[in-house]
Amino acid sequence: MKKTIFMEKYPVYSLELSKNEMKVSSANEAVEYFKEKILKHPIAEFIAVFDHYSHTKKLGGEMVEGLIDAKNIVFCFGQAIPNTKILAARPRSIGICEFNDRIVIDFMEAPKEQLHAVMEGWVKELKR
């Protein structure tokens, strides 16, 4: 798992694996994997799947070379609203980008370390 600072301000964690290293072989299978993890978690709430690839293609937007699918699975760990600002950090999203030979998983650092560790664990468990 690699941490980068995207656009000089967003802490993003990424894992890129070849398809033969993974328990899943497509973006859709990865979505189902994460959805199962979310539904089994005691406080996580599944919200939606956003087909980012279809949306961008429909708009004629730019896409990284070789991309064949891109989805976001959107969910929330929120169990309290201690202030108004916390809503700006929610909900969580995991990005799944599929290429012919690999899948890249990206997500922003969560404000709560314990929940960040949960997401990192989910992603790492994709590796065979």
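**Salt bridges in a predicted model**

Glutamate 109 is partly exposed, with a relative accessible area of 30%; the term covers values between buried, under 20%, and exposed, over 50% (1.4 Å probe, protein chains only).

Good morning, colleagues. The structure before you is a predicted model, in which local features need pLDDT of at least 70 and side-chain atom pairs count only at pLDDT 80 or more, while totals for chains, interfaces and linings use all residues. Residues are numbered from 1 along each chain as its sequence is written, and side-chain values use heavy atoms, with hydrogens and water left out.

With which residue does glutamate 109 form a salt bridge? The partner is lysine 3, and the closest N and O atoms are 3.5 Å apart. This pair joins distant parts of the chain, 106 residues apart: lysine 3 lies in strand β1 (residues 2-6), and glutamate 109 in the loop between β6 (102-108) and α3 (113-124). Helices (H or I, at least four residues) and strands (E, at least two) are DSSP runs, numbered from the N terminus. Lysine 3 is also partly exposed, at 45% relative accessible area.

A salt bridge here is a side-chain nitrogen of Lys or Arg within 4 Å of a carboxyl oxygen of Asp or Glu. The whole structure holds 9 salt bridges.

Let me turn to two further pairs. Lysine 71 and aspartate 69 meet in a salt bridge at 3.0 Å, N to O. Are these two residues buried or exposed? Both lysine 71 and aspartate 69 are buried.

Aspartate 101 and arginine 102 likewise form a salt bridge, at 3.0 Å from N to O. Aspartate 101 is partly exposed at 47% relative accessibility, as is arginine 102 at 24%. Together with Glu16, Asp101 and Arg102 are linked in a network of salt bridges.
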